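Here is a short briefing on one protein structure. Look at the model first, then work through the points below.

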Amino acid sequence: MKPTAIKKQNRQILPSGSRLWTPTRLKHLIAWHSVRRFENVAADSAQEFWYDTVDVSSNTLRQTEEAKRPLAKISSNFGNRKVLDFDGSNDFMTNTTPPDSLDIGDGDFFFCAAIAAATSTINQTIMSLQRESADELRLFLTAAGVFTFRIKGGSQPDAEVASAAGDLEGSVNLVYAERINGSMKVYVNGTVGSNTDSSTSDITSNTATCLGSLNSTGAQFYEGQIAEVVYGGSTSKGIMDDNKRQRLEGYMAHRCKISKRLASNHPYRKSPPRF
């Protein structure tokens with residue numbers, strides 16, 4: 001039997017539930033910036049790049065200026081893994097030529113990140129996408145530490161906003177945001193936020209993606225640690241549901257060693273998702 005046939009046969013006989021689920025199972029995944037990227041770098045070293053785990057070069061986040069690069073720090077917040085640490089004054093990364101897949105029109109978008117934010121008196125930008133135009137997809141903490149998802153299309157007079165009550169500063173959290181079928185929601189550690197919104201904004205401007213800053217020149221900086229980031233989207237609608245969201249949350253929580261932060265009734269609090 002040919003080696004390729006043996007490999008195919010081995011894949012066929014793997015029992016259901018024997019393989020760990022990862023974000024690559026999401027059909028409309030755009031980028032996956034994994035905590036594993038920093039496993040082999042020196043502790044406290046400045047990081048120029050955060051590559052996409054699925055090796056899509058157009059998704060690479062970069063900081064060309066050495067003085068503005070976040071450090072890879074060993075973090076007790078995330079099981080002593082090395083994660084990016086942002087100083088809140090000038091550290092951030094950008095992707096100035098993001099993929100066309102972010103031109104989602106009035107379609108769907110989702111975002112998930114594992115964060116440990118410091119206390120601040122200003123808005124802290126986790127990630128800002130498409131903002132250097134009339135459009136905007138933005139994930140941030142308000143000055144009061146409230147996790148907020150903001151969308152604005154160029155033709156829309158007002159922003160559409162979803163948020164979760166509670167101050168996330170000074171603690172470790174898994175945050176998730178989505179616009180699915182025109183409905184905006186956010187979740188913190190698997191629990192849905194109380195402030196939802198409807199959204200019809202058309203997002204079509206292909207401008208910079210920024211991690212840790214409102215824009216590519218630097219503003220409303222994030223202070224604290226970001227262990228992992230996943231986001232996706234499509235011009236299509238209905239690309240995510242509760243099952244997929246919970247799988248993504250469960251995967252990231254276990255990968256970043258913060259599964260105990262998930263709500264007690266979360267289906268993946270005790271073990272990561274499998275298929």
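Which residues form one aromatic cluster? Trp21, Trp32 and Tyr251 do. The model is predicted: local features need pLDDT of at least 70, side-chain atom pairs count only at pLDDT 80 or more, and totals for chains, interfaces and linings use all residues. Residues are numbered from 1 along each chain as its sequence is written, and side-chain values use heavy atoms, with hydrogens and water left out.

**Aromatic pairs**

- Rings of Phe, Tyr and Trp (its six-membered ring) pair if their centres lie within 6.5 Å; planes under 30 degrees apart count as stacked, over 60 as edge-to-face and the rest as tilted.
- The count by this rule is 8 aromatic pairs.
- Trp32 and Tyr251 have ring centres 5.7 Å apart and planes at 85°, so this pair is edge-to-face.
- Trp32 sits in strand β1 and Tyr251 in helix α2, so the pair links distant parts of the chain, 219 residues apart. Here helices (H or I, at least four residues) and strands (E, at least two) are DSSP runs, numbered from the N terminus.
- Trp32 is buried at 7% relative accessibility, and Tyr251 is buried at 4%. Buried means under 20% relative accessible area, exposed over 50%, and partly exposed in between (1.4 Å probe, protein chains only).
- Tyr176 and Tyr187 also form an edge-to-face pair, with 5.8 Å from centre to centre and 65° between the planes.
- Tyr176 belongs to strand β13 and Tyr187 to strand β14, so their pair ties together parts 11 residues apart in sequence.
- Tyr176 and Tyr187 are both buried.

- Two strands pair if DSSP finds at least two bridges between them.
- Strand β8 (residues 108-117) runs antiparallel to β13, joined by 8 bridges. Ala114 stands opposite Leu174 of β13.
- Strand β14 (residues 183-188) also runs antiparallel to β13, joined by 6 bridges. Ala177 faces Val186 of β14 as its opposite residue.
- The hairpin of β13 and β14 has 2 residues between the strands, and Asn181 there takes a positive phi near 55°.

**Salt bridges**

- Side chains of opposite charge can pair when their charged atoms come close.
- A salt bridge is a side-chain nitrogen of Lys or Arg within 4 Å of a carboxyl oxygen of Asp or Glu.
- The whole structure holds 12 salt bridges.
- Arg81 and Glu39 form one of them, at 3.4 Å from N to O. Arg81 lies in strand β6 (residues 81-87) and Glu39 in the loop between β1 (29-33) and β2 (45-46), so the pair ties together parts 42 residues apart in sequence.
- Arg81 counts as buried at 17% relative accessibility, whereas Glu39 counts as partly exposed at 37%.
- Arg150 bridges to Glu136, with the closest N and O atoms 2.2 Å apart. Arg150 is in strand β11 (residues 147-152) and Glu136 in strand β10 (residues 136-141), so parts 14 residues apart in sequence are tied together.
- Arg150 is partly exposed at 22%, but Glu136 is buried at 4%.
- A network of salt bridges links Arg131, Glu136, Arg138 and Arg150.
- Arg245 and Glu249 meet at 3.0 Å, N to O, in another salt bridge. They are 4 residues apart in helix α2 (residues 242-255), a separation of about one helical turn.

**Gln130 in its loop**

- Gln130 lies in the loop between β9 (124-129) and β10.
- Is Gln130 buried or exposed? Gln130 is buried, with a relative accessible area of 0%.
- The side chain of Gln130 reaches the backbone oxygen of Leu102 at 3.2 Å.
- Contact means heavy atoms within 4.5 Å. Leaving aside neighbours within four places in sequence, Gln130 is in contact with residues including Asp135, Glu136, Ile203 and Thr207.

**Cysteines**

- A disulfide is a pair of cysteine sulfur atoms within 2.5 Å. The count by this rule is 0 disulfides.
- For Cys112, the nearest cysteine sulfur is that of Cys256, 8.8 Å away.
- Cys112 is buried at 0% relative accessible area, and Cys210 is buried at 1%.

Note on methods
A polar contact is a pair of N or O atoms within 3.5 Å; within protein, one must be able to donate a hydrogen and the other to accept it, and residues adjacent in sequence count only if both atoms are side-chain atoms.
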